[in-house]
Amino acid sequence: MGLLSDPVRRRALARLVLRLNAPLCVLSYVAGIAWFLALAFPPLTQRTYMSENAMGSTMVEEQFAGGERARSFARDFAAHRRKSGALPVAWLERTMRSVGLEVYTQSFSRKLPFPDETHERYMVSGINVYGILRAPRAASTESLVLTVPCGPESPNSQAVGLMLALAAHFRGMQSSPLQGRAGAIQAAVALELSSDVVTSLDVAVEGLNGQLPNLDLLNLFQTFCQKGGLLCTLQGKLQPQDWTSADGPLQGVQTLLLMALQQASGHPHGAHGLFLRYRVEALTLRGVNSFRQYKYDLVAVGKALEGMFRKLNHLLERLHQSFFFYLLPTLSRFVSIGLYMPAAGFLLLVLGLKALELWVQLHEAGVGPEEAGGTPGSSPPLPATQRVGLASLVAPLLISQAVGLALYVLPVLGQHVAAQHFPVAEAEAVVLTLLAVYAAGLALPHSTHWVLSTQAPDRSWMALKLVALIYLALQLACITLTNFSLGFLLAATMVPGAALTKPSGPRPLRAALLVLTSPAAALLGGLFLWQRLQEAPVSLAEGWRLFLAVLAQGVLAHHTYGALLFPLLALGLFPCWLLFWNVLFWKR
Amino acid sequence: LAGAGPLGAPLSLLVLLLLGPGVWGQTEPPRDSLREELVITPLPSGDVAATFQFRTRWIRSLSHYRLFPKALGQLISKYSLRELHLSLTQGFWRTRYWGTPFLQAPSGAELWAWFQDTVTDVDKSWKELSNVLSGIFCASLNFIDSTNTVTPSASFKPLGLANGTDHSFLRYAVLPREVVCTENLTPWKKLLPCSSKAGLSVLLKADRLFHTSYHSQAVHIRPVCRDARCASISWELRQTLSVVFDAFVTGQGKQDWSLFRIRSLCGPLPLCPQDNETLEVYPPPLTTYQDVVLGTRKTYAVYDLLDTAVINNSRSLNLQLKWKRPPGNEAPPTPFLYAQRYVSGYGLHNGELSTLLYNTHPYRAFPVLLLDTVPWYLRLYVHTLTITSKGKENKPSYIHYQPAQDRMQPHLLEMLIQLPASSVTKVSIQFERALLKWTEYTPDPNHGFYVSPSVLSALVPSEVTAQPVDWEESPLFNTLFPASDSSSYFMRLYTEPLLVSLPTPDFSMPYNVICLTCTVVAVCYGSFYNLLTRTFQIEEPSKGGLARRLANLIRRARGVPPL
């Protein structure tokens, strides 16, 4: 730090930063991306291990043998459901009571801000049926949850059957039973199963806003996968067998990217996602029935679940020992927060370096030419008398924030007006308004100029870019801390455009680059990447349709679950990006 | 056996086993007496509850103990006790499913005592009393201190004879975290005159009693009238033990039941062949007892074990109970009053305590005294206290609130709330979690911090008018609470204890954190602070010392440029 307090050395350092700025930026950006891709390779990934003592060493024995019972429950459930055309609440209540549970129902309804495209309805309503298995001599203080989502699109009959059979099994036991509900929920498992036999179990961890359950819960699942010899997948990808050659890590990179995209979307990857919001550790297990030779019946799945619940029952405290922030290249390996953060750090360093360069240029210009004698030729000598007007900073900031606010508010508010005047449905109206406001924002620089006094244009754009850079860096840093994947992906796309923007040089080229690195383009790119990694690449037209659907879903998820991606993009990153757009079209 | 009532209410049948030297009906009670009783009740949910009661009466005399346990007798004199009530409970009585209990106890340990008005320092006596009881019952009652002791102003009245009720002589504490097991059962059994060698207490086998859904053992000491004229008092020790057997687990889903199944006494006897009642009991009882208990008329089959006719031909008795209709899978009937309590909210900052009070009586409203004891580390926001019934605000007619003091005393909130007919009343209050000192966390892995249950004391309207009972002659289970009037009966209910997690630091981390923080602060903070607050200027070299000035004078004189 003595380096910085000595003015002579400080000047030297500043000169170094200015001279080496471009190579440093490129190096830092490349390092960031490379670091991220390297996360799938062994020195950076570690094998997962169980941290929680209560679940690690204790042995449990699974005795579940109710496969036949589960299948008959599933058949009955499916038949009753077909007959009534809806959830057979009465049948569920009767069955749960007959296996000795306390049964309750809860009806819910939720008004949507606009009808979603698939169902065309404003009101979503239904009934939750839940049974409570009371643990003997326990006073309803804690509970574990096994939940089966029964939406109109997911039949899940087998999951219901297995759940009921498991409940009956747990009820009939005398030792180590489950704790009932109606207390603080310690952990939850959501089950999705639609066939009598499965070839593999897929586990989903990503919850709302990219929240993840404690890694120990996943470790627990993996333990029972290994114990029962079940085939378990993550993001639909099998575990690579050979980790020493390049194939394993390369597959790990794919899985890692899939997880990052899924986490960044902030959309829950299963019914467990909403539990995480209330600090209940949860994950979703999905039965997959593919064309593989070897199949497992419901007993194997039931045993894995039973074992998990027995071990969860041993918990003496909330799950907190293991990691809450991690990335998974495979099911058995993880990257901890300390190892993946540098990737984002390198990307954000680019913004910092650019900001430093601008600051030094502004500062030296302010001090006067004789002080800044050693300024390298890359930065043009600026007249000393220029002062940056506050208005030239505040006006673009306010205007772009106002556009962001419009982007956030107008689509839902104006859907009826739009639907009246144009031949579109409400859901389409929302998406189209969204795009319209977004595009209208691009016309902004031409309209902001009449607000501004045009003295000292050079210093003004530099000051504005400096503010925008710091604003972007702060936002991305905050996002990265809570949802690494989102922060990293946004940084990876937005940083180059932001760093290269200036109102000189080949403007159309720079404009094209900036548009390509805008938040919406990042979203579109993410969609294509996702489809490609899922091995279901889409054409451009399909991708565009998908993009529109995703936009509507994003807005809807914000209004129903409180997903934060939409407000984050609309109120935070889009206005920030508009500032760069302003800089690009600065009138000189 | 007389049918209990219409088929719709077949559950009001109880089996009563009586045993004891002080046989009821005797006009002049002996100086000390013991009576034992076991009530077996099929619960509405299909489970079976067994309630043991042992009553020892003692005419207090100096150091003369026949039946009364000496340990407790000495307590009474040493601490000038007027009443003592201690219960140790594992599990929770689910009133909604099991119906109204004879005597409910909160999960964990509960202790309340009235002291004589001659006691000068009640708190000191209370502290010593809890420590002594802790030793006697092998329970952690020594954890009772000022942070969990309260003096309720209205909820707890003396159950025995009392002249005045100055509440400053009452102390009440609950330890919801207490775990009850065989180590507590053994000292409890030893208080009986014959321990577990004779009488009904031979049935008290720990391996069976702790394989139940609910286990509660209690000791109640109170002064009662010695005879009908009530000229003098004698001390009554009641030891009660209630267990609920899970019929689903023990009976493979059937609700039929026999004493043998619960605990093997002897070989089973054949079942009774006639099939025209909903319910039958075998062997047929010699006497029955009919009374209004907890507001409904019930019939009890009575087996007096001292009566030789009961066990004349075989030396064993196996009670059996059989349902004629298979149990339906519909929800069981609901009692008039039950309650539910939960903590809502998530995160570690704020939360809300909510208590739901259900009055299912179709047309009668009745008042309920609600007592809440909340530990100091949940800081209640009293202005957020809301009581709503049927969507309208319900103003309590009596409120006693004693705020908590950190590490000194808990919150005490007592309210008299009128519950409208067929309504749900919600009492909610918000709280903030306090940060504890690091030594105040429990050393072991823990689920969280327990909040003791709310206590509901209510006069619930009866379905049928009760006749005044003869205190001496009626069975024990009916005579613990003094009857108030014929149209209502007294009932005390407890809600679930709550589990609240407080912000807990990761205790393995502090060392790392301290090291890291110190380094970061030392290296970065100071330098950055300097950089940000100081302005740096290039300082001209000073004029120099005296020698230099002199030299410069000489140089100036010579016309040479100065140094």
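1. Strand 18 (residues 378-389) and strand 19 of chain B pair in the antiparallel sense over two bridges; pairing requires that DSSP find at least two bridges between two strands. Strands are DSSP runs of E with at least two residues, numbered from the N terminus. In strand 19 of chain B, Lys392(B) is the bridge partner of Ser389(B).

2. This is a predicted model, in which local features need pLDDT of at least 70 and side-chain atom pairs count only at pLDDT 80 or more, while totals for chains, interfaces and linings use all residues. Residues are numbered from 1 along each chain as its sequence is written, chains are lettered from A and ligands numbered from 1 in the order in which they are written, and side-chain values use heavy atoms, with hydrogens and water left out.

3. In chain B, an open sheet of five strands has the order 15-16-22-18-19, with antiparallel pairing. Strand 15 (337-344) and strand 19 (392-393) of chain B stand at the edges with a single partner strand each, so one side of each has no neighbour in the sheet.

4. Over all chains there is one disulfide, meaning a pair of cysteine sulfur atoms within 2.5 Å. The sulfur atoms of Cys225(A) and Cys232(A), which form a disulfide, are 1.8 Å apart. Their link is left-handed, with -80 degrees about the S-S bond. Both Cys225(A) and Cys232(A) are buried (under 20% relative accessible area; exposed is over 50%, partly exposed in between; 1.4 Å probe, protein chains only).

5. Cys25(A) is in no disulfide, and the nearest cysteine sulfur, that of Cys576(A), is 16 Å away. Cys25(A) is buried, at 7% relative accessible area.

6. Cys518(B) is likewise in no disulfide; the nearest cysteine sulfur belongs to Cys515(B), 7.0 Å away. Cys518(B) counts as partly exposed, at 47% relative accessibility.

Terms used: Helices (H or I, at least four residues) and strands (E, at least two) are DSSP runs, numbered from the N terminus.
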